[in-house]
Structures are given as structure tokens and as C-alpha cells.
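Dear colleague,

Please find below the structure that I am handing over to you. My notes on what was found in it follow directly after it.

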Amino acid sequence: MCTTCGCGTGEVKIEGHDHHHGHDHSHDHSHGDHEHSHGEQGHSHDHHHHEHSEQSQDIHYGTGPAHAHAPGLSQSRMVEIEQNILGKNDEYAKENRRFFTENGIFTLNLVSSPGSGKTTLLTRTINDLKDDLSLSVIEGDQQTTHDAERIRETGVSAVQINTGKGCHLDAHMVGHAMESLKPDKGSVLFVENVGNLVCPAAFDLGEAHKVAILSVTEGEDKPLKYPDMFFAADIMLLNKIDLLPYLEFDVEKCIEYARRVNPDIQVLQVSATTGEGMDTWYQWVQASRQMRLIGRADILSSDKSQKLVSV
């Protein structure tokens, strides 16, 4: 959690906006007014915050209810802080999801470690789908606007969020970015999260699906090392398969590890460089979007029926 990495203590910059995204702050928000607080970090001394393995002498942090460690904070205080952070985030995510649903915006949260080829995959996806779909992008990085500039070169609108010391996007940031981006109704919105396989797993942005991108250059054991991310994802794109002839990477073992963590995860093998497997990814996007639109129609129809009954 963020209490271990210290994220959220710096400046968050959204194009056209500067936000101090630290503790105890609030913003006016087009999706509703909320108090957005990360809680007070009080200090207490608890020397039982980690365990040693007697056989290996390994040290295991995060063994308590909060599954995290921060010097000077007890596990009970960690639980309280975590609940405050995620509770506030979930409020914003709910508002984002309502906005996306009402406007038929199909939102995908792309998550991965740095160097997975996420931006390359996204730009290829945009170039191949932009004639058929209305697309837009929210880009998340700690610094620079390089990736957003690459996206804009495709002709698609993009808003950059620089998180400063923050290691993930949160729902509040995405809500602010929407004010500038203004995606079309019925469009597809890609959110490229900060390169990190830890914190983004816990933060709902209001998206329809988390899409985990794993490169074959990273090793097949990543799903076991970062289980929360692959558990939270609905689909895993195994990228850079064009490099398999030059690597010792066991594809079947990687998929088995991913499904050990998340039995329902879909896995597609792709190469953003050569285009291999990308058509299957596009078919998934189109089919999932269509299912979402059908679900939206059912929700709106149900809401209308309830209003008529109440009248």
C-alpha cells in the first residue's frame, strides 16, 4: 500500500491543472463534491511488524491484517489508514463508473511493470482501431509527457497525469482528467497507469476491466510475485512473443502461474511490434465493449421502469 512507498506526498500535475496530492486535501470535482483525505499518519511503536523465517532467515513484511509495513505504525493503524485511503478512492471510482455507464464510455485500465511495451501496444491499438471507434487516452507517469505526446501523434486526444512521487493513478485523478479530456459518448477510453505491478492493483478507477500486460522478457514467475495485480486483472496480454526464440521463457508455465492466482483470467499472446496476435486483442475489445453497452441499456431500461412504477 501507499503507506509503504510514500506515494501521494508530492505534486500531481494534470495538463491544465496543478494539484498538491498529499494528505488531508479536497478538490471540487465535476462528478460530485467529496472530501478526499488520505488520513493522518500518527506514530506508534510496534516492534512486531515483521517475521523472520527460522530456516532461511528471510524477512517477511506485511504479515498482519493490512498486509503492509511502515516504520512507526502498528498493524491496527495501518488497517485504519488503508481503509481510509481505499474508502475515499472507491467513492470517486463509483462516481467515475456512473459517468462512464451513463455515457456509454468503455474504459480499460492498462497496468504493467516498466518496460513491458505498454505504450507501444497502446499506440498500435489506437492506429488499428481509430477508424472504427472513437478513442481517447489518459496517460499516467511520475514525470514527463513523452507518452502522451506519442499518443497524440496518432491523432487521438490524450491527457497526461504526472503523479510526482505517486506510484499509481487513483480515481480522483482520473475524474479531474476527464474534465479536460471530455471523451465522446459511446467511445473507448484507455487509461495507461503508472508502470508498477503493486499499488495500481488496489485502486479502482471506475474502469470496466484491468488489463495486465506482461512481457516475455520479464520472467514467467511475475504472476506469483505480484499476485494482487493478476488477481485484479480480467485479461493478461503476454507481449513481445516475437522474442521467444531468443529467450528462456516458458509460456505454458507463465499461463499456469497466472491462472493459479486468478482461474478466470483470459490470456492472449501478442506482439505489439510485429502485430502477431493483435487481431485477437482487438476482437476482445470490441466484444467486451458491446457486452458493456448491452448491460448499460439494461440498466437504463431498468431505471426508467422503476421511475414509471414510482410515478
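The largest nonpolar core of this predicted model has 28 residues, and Leu108, Phe190, Val211, Leu237 and Trp281 have the most contacts inside it. A nonpolar core here is a set of buried Ala, Val, Leu, Ile, Met, Phe, Trp, Tyr and Cys residues joined through side-chain atoms within 4.5 Å. Buried means under 20% relative accessible area, exposed over 50%, and partly exposed in between, with a 1.4 Å probe and protein chains only. Two or more residues of this core come from each of β7 (106-112), α3 (118-129), β8 (135-141), β10 (188-192), β11 (209-215), β12 (235-239) and α9. The largest share, five residues, is given by α9. A second, separate core of 20 residues includes Leu214, Met229, Phe230 and Ala258. In soluble globular proteins, nonpolar side chains tend to be buried together.

As to conventions, residues are numbered from 1 along each chain as its sequence is written, and side-chain values use heavy atoms, with hydrogens and water left out. Because the model is predicted, local features need pLDDT of at least 70 and side-chain atom pairs count only at pLDDT 80 or more, whereas totals for chains, interfaces and linings use all residues.

The protein has nine helices and 13 strands; these are DSSP runs numbered from the N terminus, helices being H or I of at least four residues and strands E of at least two. Of its 311 residues, 51% count as buried. Among contacts (heavy atoms within 4.5 Å) with a separation of 6 or more, 69% join residues 24 or more positions apart.

Arg289, in helix α9 (residues 278-310), is buried yet has no salt bridge, and the nearest side chain of opposite charge, Asp184, is 10 Å away. A salt bridge is a side-chain nitrogen of Lys or Arg within 4 Å of a carboxyl oxygen of Asp or Glu. A polar atom of the Arg289 side chain does lie 2.8 Å from the backbone oxygen of Gly186. Beyond its neighbours within four places in sequence, Arg289 is in contact with Phe106, Leu133, Gly186 and Val188.

Asp141, in strand β8, is likewise buried without a salt bridge; Lys118, the nearest side chain of opposite charge, is 6.8 Å away. Leaving out residues up to four places away in sequence, Asp141 touches Asp147, Gln160, Ile161, Asn162, Thr163 and Val194. Strand β8 also holds Ser136, which is buried at 4% relative accessible area. Ser136 and Asp184 are 48 residues apart in sequence and 8.5 Å apart in space, C-alpha to C-alpha.

Helix α5 (residues 171-181) is mostly covered, with nine of its 11 residues buried; among them are His172, Met173 and His176. At the start of α5, a side-chain oxygen of Asp170 reaches to within 3.1 Å of the backbone nitrogen of His172. Just after α5, Lys182 takes a positive phi of about 50 degrees.

Finally, the structure holds zero disulfides, a disulfide being a pair of cysteine sulfur atoms within 2.5 Å. Cys199 counts as buried at 5% relative accessibility, and Cys254 is buried at 0%.

With kind regards

Conventions: Lys and Arg count as positive and Asp and Glu as negative; His and the chain ends are not counted. A polar contact is a pair of N or O atoms within 3.5 Å; within protein, one must be able to donate a hydrogen and the other to accept it, and residues adjacent in sequence count only if both atoms are side-chain atoms.
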